[in-house]
Amino acid sequence: MDIESIFSPGGELERTLPGYSYREGQLEMAELVDSALSDHSHAIIEAGTGTGKSFAYLVPMLLSLMRDRSRRFIAATSTTTLQKQLYDKDLPLLLKALSADIPVAILYGRGNYLCIRRFNEGRNEKSISGTRRSEKELRFEEWVAETDSGAVQDLFPDVPAEFFYSYASDDKDCLGYRCPFASDCFYYGARRQAQKARLIVTNHHLLLLDAKNRDESGLDYDEDAVLPGYSCVVMDEAHHIEDEATEVLSRVYSAYRVSRILDYLTRKEKRFGSSSIIDFLTPEEKERGSGKRIRDDIAHLRTLVDQFDSLLSSVLFIMTEKEILFTPAFYSQYGDTIRQGEAASQEMTRIGNALQSGYNERPAESNEVFVDLIHRYGLSLCLLADTLRDWMRFSSWDEEIPYASTGADGKVEIHIAPMNTGRVLSRVLVSHLDSMIFSSATISVNGSFEYFEKRSGLWEEKDRVRSGIFASPFEYRKNLMLLLLQDGSVFSNESTGQYVHYVSEAIASAIEASGGGALVLFTSKKMMKETYQILRDKLDDLLVQDDRTPRSRLLERFRRNRDSSLFAVSSFWEGVDAPGDTLRLVIIVKLPFTVPSTPIVRARSEAMDRNGGSSFMEMIVPEATLRLKQGIGRLIRTETDKGVVLILDSRILRKGYGRVMVSSLPECYIPEDAMLGNLGEKIERFLY
């Protein structure tokens, strides 16, 4: 059995899967993935909508596992929804089609699993107090009784998630082997299944956390960490990698984070016999006084941390931005002041080391989970101390980005983010793997993968990287019209009022011609609200994104009403799936350039320019191009979909970088005489 015999007309997939149809791009992509896995090389793949990329990477993974029983693979998606689709739908079909006996598991983060003990304690408290449970609470209890996974992703659709999260699993509240429900624990059950599996379906965030954990703990990739050991990864929807890696691989310090750990160490809890975890694990405390000593040390550390937090807040009080990029000028002015945090960092390190080296006197099996927990508290304190110390003495301007933001407690939070995610990903993840396959529908810019390679860790691995672009099988030239107005306005910060007036006129004309069914994508909430206020009484069935309505509910309302139109920003640029004529018009109000003032973008731009590059052409334009491709990708989702994309920002026609953007888009019909005056006529004629 080989790739061609599986995917070709008359092959295994066509014979066993109802409705399967041969797609040349899918076969070619599968062959590329198969060769990369066989040769222990990496790959970057762009596969257009409708290619069937899930099958194109899953089949080679399964074949490779059938050939070599010693390997374990990871399939990582961007969302838990996509995880479920792979695990619940795609993999069972393929395993049956290939007659493959390969153990497969799905693994979410711990907080996605129900803690049976917490649920039973909560239900018992309500029973004792006589609290009456609502219909939805009773439905939740039905789900608990029926569920095999205990995962929030499998919750009944009519049960609010807040019921679940009241009883979600938490390692800081776990009894481990001492739990009366240990044998039935959903989280540990999922981990046991993952350890037995040879293909694990997880998400980007958990994969990156695993890589970070291995780097911090010095664990090899054949050992178990956040995930069981593995040698190959396929990352789908990989265009998210830079933002996700920046978030996960950044180091963070705040007084709030330190205080939470100290609270966990000293808080009296029922699971420790109404004592703290420190006293619980120190039975001889009365004789040697170790429990009291460390409690005194913790009290002293609290004082040092609070004092430094007040000092830091006073230093940053004069700065009014929500996020602050620290520059050499800041360190020159305030270096002596902020280095007063040395005492806090030293005490954190001392206590952290004591926690990691103590409590090792062969604990009873029932207490192992608590010893492991206290060791992790110690490691966390040491890592926080290292972050604070590195920030106070900061010098690695070409490698990292120091900045501050507002933390969960409303106070200062210090971040040290990677300047170049590619170099970090290469060091902590890619270089350790036999194969790393990145796949997405939007990953190339003007036919090149260079932008992505530099951010994914593959630039450092160029000697063993394969790549391929596989076009969508959909007839874009026939079914997609791209309108670029020859007389459109060019956005500028100096004339936003005029631009909003122009945008409102064009949107009204376009939606009236399409009869609704429009998704209008903004890059600014302010402009969206201003435009909505102008058009709310002129257009029927107009929806607008707000802070009160959940995204899912807004999308459902949009899908349910065929002729409604939706004004949205940010998250609606991707992940919107409304096949059919519910969505027949996408309007892009402004080219989606990243705000250059955010600390990370500013620091990376300045570093690139400082080193002789052009941050605008090498970073800002490629990023906006990929985002533009995502926005346009909302439209054609099936072979029969037909629609119009209208880009109102005329910079795409009048600026040199516009050619790069247009050439990166699907090959569609672009009339050369589109004007504001004939806009409605062109849309109506094309759609109807």
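Predicted model: local features only at pLDDT ≥ 70, side-chain atom pairs only at ≥ 80, totals over all residues.
## Helix α4

Helix α4 covers residues 53-67 and has 15 residues. From its first C-alpha to its last, α4 reaches 22 Å, which is close to the 21 Å expected at 1.5 Å a residue.

Of the 15 residues of α4, 13 are buried, so the helix is largely enclosed by the rest of the structure. Buried here means a relative accessible area under 20%.

## Salt bridges

The count of salt bridges comes to 46. One of them joins the side chains of aspartate 215 and arginine 427, at 2.9 Å from N to O. Aspartate 215 lies in helix α10 (residues 204-217) and arginine 427 in helix α19 (residues 421-428), so this pair ties together parts that are 212 residues apart in sequence. Aspartate 215 is partly exposed, with a relative accessible area of 39%, and arginine 427 is likewise partly exposed, at 46%.

Aspartate 336 forms a salt bridge with arginine 339, and their closest N and O atoms are 3.2 Å apart. In this pair aspartate 336 counts as exposed, at 64% relative accessibility, whereas arginine 339 counts as partly exposed, at 35%. The side chains of aspartate 649 and arginine 651 also meet in a salt bridge, with 2.6 Å from N to O. Aspartate 649 counts as buried because its relative accessibility is 0%, and arginine 651 is buried as well, with a relative accessible area of 13%.

Salt bridges also link several residues into a network. Its members are Arg117, Arg118, Glu121 and Asp173.

## The enclosed cavity

Rolling a probe the size of a water molecule over the atoms shows where empty space is left. A search of the whole structure finds one cavity of 30 Å³ or more. The largest cavity holds about 30 Å³ of space.

The residues that line the largest cavity are Tyr253, Ser254, Ala255, Val305, Phe308, Asp309, Leu312 and Val412. Helix α15 (residues 290-316) gives the most to this lining, with four residues. By class, the lining has six nonpolar residues, one polar residue and one charged residue. Serine counts as polar and aspartate as charged, so Ser254 and Asp309 are the polar and charged members of the lining.

Methods:
Residues numbered from 1 in each chain as written. Heavy atoms only, no water. 1 Å grid on protein atoms, 1.4 Å probe; cavity = no way out; pocket = protein on both sides within 12 Å on 5 of 7 lines; lining within 4 Å. Points joined across faces, edges and corners; volume = space filled by probe spheres on them. Helix = DSSP H or I, 4+ residues; strand = E, 2+ residues; numbered from the N terminus. Expected span 1.5 Å × (residues − 1). Buried < 20%, exposed > 50% of the residue type's maximum accessible area, 1.4 Å probe, protein only. Salt bridge = Lys/Arg side-chain N within 4 Å of Asp/Glu carboxyl O.
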